[in-house]
Amino acid sequence: MKELVERIKKLYPEPTVELNFSNPFELLVALILSARCTDKRTNIITKELFKRYPTPKDLAEAPVEEIDKIISSCSMHNTKSKNLKALSEILVRDFNGEVPKSLEELTKLPGVGRKTANILLSMAYGIPAIGVDTHVKRLAYRLGISKSENPEGIEEDIKKAVPKEDWIVFYTGLILHGRRVCKARKPNCDGCPLNDICPKIGVK
Ligand code: SF4
């Protein structure tokens, strides 16, 4: 595990998400929109959305039909536009227009699940957390870190195996490695810098 963590850190030293944002509110909105939507499309949509409605107050006061129109090229836009308006209203009413910094408070917001909350906490606030998306799930399995099917179980297994100070760089590194090398259908094991230490569980 120690060697694996070091290699991931060397390969992907900067924790990063491929969504454009300049504050926690923008990241929260982008994460909600990116569910079943590519990061590329999400970035196109948020450019316009943030220009029109830059703050929670602006989005809370926006007509839901207008939000829906701007995000219409995104899948599940009907639900997402309602959630974005509702969560902005809650941020204004209960959190003074700020995005809360706890998993418990975040996961009570409409449209915000555990994965989104963990990515938000780690990438917007630098709070150690593990966001388990489809790439993290697949790589944790192939690399022999977790056999769990459930995101919470995977999160716990990674937390046990990786030092807390490396949680963020490790899980974001897994996401990038999953996108670039260890792809779902065709993992490029021959060209993978982890080849000599990876047990390749389930890879044919
Ligand atoms: S060796 Fe293959 S299975 Fe292991 S991380 Fe690399 S691409 Fe994925």
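Helix α2 (residues 24-33) packs against helix α8 (residues 114-125) at an angle of about 150 degrees, with the axes 10 Å apart. Helices are DSSP runs (H or I, at least four residues), numbered from the N terminus. Axes are lines fitted to C-alpha atoms over the stretch in contact, and angles run from 0 to 180 degrees between N-to-C directions. The model is predicted: local features need pLDDT of at least 70, side-chain atom pairs count only at pLDDT 80 or more, and totals for chains, interfaces and linings use all residues. Residues are numbered from 1 along each chain as its sequence is written, and side-chain values use heavy atoms, without hydrogens and water.

α2 and α8 are therefore roughly antiparallel (over 145 degrees). Their crossing is right-handed (near helix turned clockwise from the far one by less than a right angle; left-handed if anticlockwise).

α2 also packs with helix α6 (residues 77-95), at about 155 degrees and with axes 10 Å apart. This pair is therefore roughly antiparallel too. α2 passes α6 in a right-handed crossing.

α8 has a further partner in helix α11 (residues 167-180). Their angle is about 120 degrees, and their axes lie 10 Å apart. The crossing of α8 and α11 is left-handed.

The ligand is surrounded by H177, C182, P187, N188, C189, C192, N195, C198, K200 and V203 (a heavy atom within 4 Å). This shell holds six nonpolar residues, three polar and one charged. Ala, Val, Leu, Ile, Met, Phe, Trp, Tyr, Cys and Pro count as nonpolar, Asp, Glu, Lys and Arg as charged, and the others as polar. The ligand sits in the largest cavity (more than half of its atoms within 2 Å of the grid points). A cavity is a set of points, on a 1 Å grid over the protein atoms alone, where a 1.4 Å probe fits but cannot get out.

How values were computed:
1 Å grid on protein atoms, 1.4 Å probe; cavity = no way out; pocket = protein on both sides within 12 Å on 5 of 7 lines; lining within 4 Å. Helix = DSSP H or I, 4+ residues; strand = E, 2+ residues; numbered from the N terminus. Parallel < 35°, antiparallel > 145°, perpendicular 65-115°, else oblique.
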